[in-house]
Amino acid sequence: MSFQLPDLPYAEDALEPAISAKTVFFHHNKHEAAYLSNTNKLIEGTAFENDSLEDIIRKADGALFNNAAQSWNHAFYFRQFTAEKGLMPEGRLKEKIEKKWGSFEHFKDEFVINGVGQFGSGWVWLIKNKNNELEILKTANAGNPLTMEGCVPLLTFDVWEHAYYLDYQNRRGDGLHALWDIINWREIEKRFV
Ligand SMILES: [Fe+2]
């Protein structure tokens with residue numbers, strides 16, 4: 001099986017000003033595409049050839065883990081955005097966030113603090129853990145919560161420099177804060193099952 005680059009569910013310029021069309025283009029068509037291409041090369045003729053990306057992430061290590069996890073992480077990342085600005089969480093997810101962090105605003109601040117605090121490259125995640133509790137988690141490099149027992153990833157911000165440097169240079173926190181405006185909370189709620 002060969003993995004294909006997923007289409008974006010919006011135009012490349014739809015996320016401006018939070019993420020420029022140029023960043024979306026390079027991030028999706030160059031970085032994400034390269035991780036997928038590397039994954040396809042690495043599984044060819046191996047026992048992983050017919051596995052899903054999720055299976056590969058749970059079983060592989062080294063270069064294959066890194067490329068498969070980065071492929072999955074980026075597809076998950078781009079799918080969570082929308083051209084519709086300023087959506088807010090609703091229902092059970094909203095209640096859980098407010099119960100855990102006191103308010104949605106406080107949750108957003110904590111999430112970005114964790115993203116800024118990730119030394120070097122990585123990701124910051126909102127997950128549902130094995131006890132059904134919401135949790136903010138940082139992972140280094142290609143790290144992915146699917147490798148942790150019972151973890152369901154809900155939301156992620158990419159903190160690799162390639163995700164924000166064209167638009168925000170060294171201001172990682174500004175780049176992360178800007179993303180709240182373009183989160184498709186209806187998609188995140190679907191992940192919260
Ligand atoms: Fe990235």
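These are my notebook entries on a predicted model.

**Entry: domains**

I looked up the domain assignment first. It gives domain 1 as 21-79 and domain 2 as 91-191. I then checked how the two sit relative to each other. Their centres, taken over C-alpha atoms, are 20 Å apart. I also looked for contacts between them. On the domain 1 side, 19 residues touch 22 residues of domain 2.

**Entry: helix 3**

I checked the length of helix 3, residues 62-79. Its 18 residues should span 26 Å at 1.5 Å a residue, and the end C-alpha atoms are 26 Å apart, so the two values agree. Is this helix mostly covered or mostly open? I found it mostly covered, with 14 of its 18 residues buried.

**Entry: salt bridges**

I searched the whole structure and found 9 salt bridges. I followed up three of them.

I began with glutamate 187 and arginine 79. Their closest N and O atoms are 3.9 Å apart. Glutamate 187 is in helix 8 (residues 185-191) and arginine 79 is in helix 3, so this pair ties together parts 108 residues apart in sequence. Glutamate 187 has 15% relative accessibility and counts as buried. Arginine 79 has 40% and is partly exposed. The pair also belongs to a network of salt bridges that links Arg79, Glu187, Lys190 and Arg191.

Next I took glutamate 105 and lysine 108. Here the closest N and O atoms are 3.2 Å apart. Why are these two about one helical turn apart? They are 3 residues apart in helix 5 (residues 104-117). An α-helix has 3.6 residues a turn, so residues three or four places apart point the same way. Glutamate 105 is partly exposed at 47%, whereas lysine 108 is buried at 14%.

Arginine 171 is partly exposed at 38%. Aspartate 174 is partly exposed too, at 39%.

**Entry: lysine 96**

I found lysine 96 in helix 4 (residues 91-101). Its relative accessibility is 23%, so it counts as partly exposed. Which residues does it contact, leaving aside neighbours within four places in sequence? I noted Asn132, Glu133, Leu134 and Phe192. Lysine 96 and leucine 134 are 38 residues apart along the chain, yet their C-alpha atoms are separated by 7.2 Å.

**Entry: a nonpolar patch**

Phe25, Phe26 and Leu166 make a nonpolar patch of about 250 Å². Leucine 166 lies in helix 6 (residues 165-168). With a relative accessible area of 46%, leucine 166 is partly exposed.

Note on methods
Residues are numbered from 1 along each chain as its sequence is written. This is a predicted model: local features need pLDDT of at least 70, side-chain atom pairs count only at pLDDT 80 or more; totals for chains, interfaces and linings use all residues. Side-chain values use heavy atoms; hydrogens and water are left out. Helices (H or I, at least four residues) and strands (E, at least two) are DSSP runs, numbered from the N terminus. The expected span of a helix is 1.5 Å times one less than its number of residues. Buried means under 20% relative accessible area, exposed over 50%, partly exposed in between (1.4 Å probe, protein chains only). Patches are made of residues with over 30% relative accessible area and no salt bridge: like charges are joined within 9 Å, nonpolar side chains (Val, Leu, Ile, Met, Phe, Trp, Tyr) within 5 Å. Accessible areas come from the Shrake-Rupley method with a 1.4 Å probe; for residues, only the protein chains shown count as cover. A salt bridge is a side-chain nitrogen of Lys or Arg within 4 Å of a carboxyl oxygen of Asp or Glu. Domain bounds come from an automatic or database domain assignment. Contact means heavy atoms within 4.5 Å.
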